[in-house]
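Me: I have a protein model open and want to learn how to read it. Can we go through it feature by feature?

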Amino acid sequence: MMSGSIETLRQWIEESRDIVFFGGAGVSTESGIPDFRSVDGLYNQKYDEPPETIISHSYFLRWPEKFYRFYRDKMLYPQAEPNDCHLALARLEQEGKLKAVVTQNIDGLHQKAGSRNVIELHGSTLRNFCMNCGKSYPVSAILEAEGIPRCSCGGIIKPDVVLYEESLHDGDMDRAISAIRKADLFIVGGTSLTVYPAAGLVEYYRGKRLVLINKSPTPYDRYADLSISESIGKVFRKCVLE
Ligand code: ZN
């Protein structure tokens, strides 16, 4: 059954000219980046608040030092490398078959793999800017600072990441919707489709082939034309890289 699904997806990719991929945290976990939302005992011992509270706009403004303690500890993985999912998507784009990657991840691994048209709905940890003068800073400025990272002007440096309570950047959602509407193959991977805006995006797809790849079943599996419960890196390796 597994090999049958892989073969079907391989054939659909072969026949498609306008593939769009939408990915969630599961794409990055296979590069060793854990989902910060996943609650384990460590959070309760080490942090007084849940991640959704700490990674929020109001918390950042009120407790920047505590925000950055969590952020450096749980959200920055500068040593992470792209996995076979990232590499396969980059190759499909180079071949002209894939038009866009839409991602909820903030690690920049799609670009590191070579993808160019990446819509980062939640921003990127690799971009940072001074809240006072707007000057840009690389992630090293966050990693190397002690406590609150500050600009040469004295302002606080903020990651270009969409925090809880903040809205998505203007235009990103429109670009994602427009790409998904035109797609002839829509592959959704590494997301349980329970977190906004993932579930909503699926509704915009008008094509005939919706593929879901997730290690565990999702509420949308019954709407999918093909659903594969398997490691996303493994699926893409077999469909594209081998
Ligand atoms: Zn500044």
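Me: How much space lies in the largest pocket?

Reply: Keep in mind that this is a predicted model. About 810 Å³ of space lies in its largest pocket.

Me: Which residues lie nearest the centre of the largest pocket?

Reply: Start with the lining, then look for the centre. Here 39 residues line the largest pocket. Nearest its centre are Ala25, Asp35, Phe36, Arg37 and Gln104. Helix 2 (residues 25-29) gives the largest share of the lining, 4 residues.

Me: How do the lining residues of the largest pocket divide into nonpolar, polar and charged?

Reply: Sort them by type. The lining of the largest pocket has 17 nonpolar, 13 polar and 9 charged residues.

Me: What volume does the second largest pocket have?

Reply: Its volume is about 170 Å³. This second largest pocket is lined by 13 residues, and the closest to its centre are Tyr77, Pro78, Asp107, Lys112 and Leu126. Helix 8 (109-113) and strand 4 (123-130) are the elements that each give two or more residues to that lining. By type, the lining of the second largest pocket holds 9 nonpolar, 2 polar and 2 charged residues.

Me: Now the cores. Which residues in the largest nonpolar core touch the most other members?

Reply: Look at who touches whom. The largest nonpolar core has 25 residues. Leu9, Ile13, Phe21, Ile187, Val211, Ile213 and Phe236 touch the most other members. Several elements supply at least two residues each, among them helix 1 (2-15), strand 1 (19-23), strand 8 (210-213) and helix 12 (232-241). Helix 12 brings the largest share, 5 residues.

Me: Which residues is Val211 in contact with, leaving aside neighbours within four places in sequence?

Reply: Val211 is in contact with Leu9, Trp12, Leu185, Phe186, Ile187, Val188 and Leu226. There is also a second, separate core of 24 residues, which includes Val20, Phe22, Leu121 and Val202.

Me: Let me try a single residue. Is Leu201 buried or exposed?

Reply: Check the relative accessibility. Under 20% counts as buried. Leu201 is at 0%, so Leu201 is buried.

Me: Where does Leu201 lie, and what is in contact with Leu201?

Reply: Leu201 lies in helix 11 (residues 198-202). Leaving aside its neighbours within four places in sequence, Leu201 is in contact with Phe22, Val102, Leu121, Met173, Ala176, Ile177, Ile180 and Phe186.

Me: What separates the C-alpha atoms of Leu201 and Leu143?

Reply: Compare sequence and space. Leu201 and Leu143 are 58 residues apart along the chain. Their C-alpha atoms are separated by 33 Å.

Note on methods:
Residues numbered from 1 in each chain as written. Predicted model: local features only at pLDDT ≥ 70, side-chain atom pairs only at ≥ 80, totals over all residues. Heavy atoms only, no water. Buried < 20%, exposed > 50% of the residue type's maximum accessible area, 1.4 Å probe, protein only. Contact = heavy atoms within 4.5 Å. Core = buried A, V, L, I, M, F, W, Y, C linked by side-chain atoms within 4.5 Å. 1 Å grid on protein atoms, 1.4 Å probe; cavity = no way out; pocket = protein on both sides within 12 Å on 5 of 7 lines; lining within 4 Å. Points joined across faces, edges and corners; volume = space filled by probe spheres on them. Nonpolar A, V, L, I, M, F, W, Y, C, P; charged D, E, K, R; others polar.
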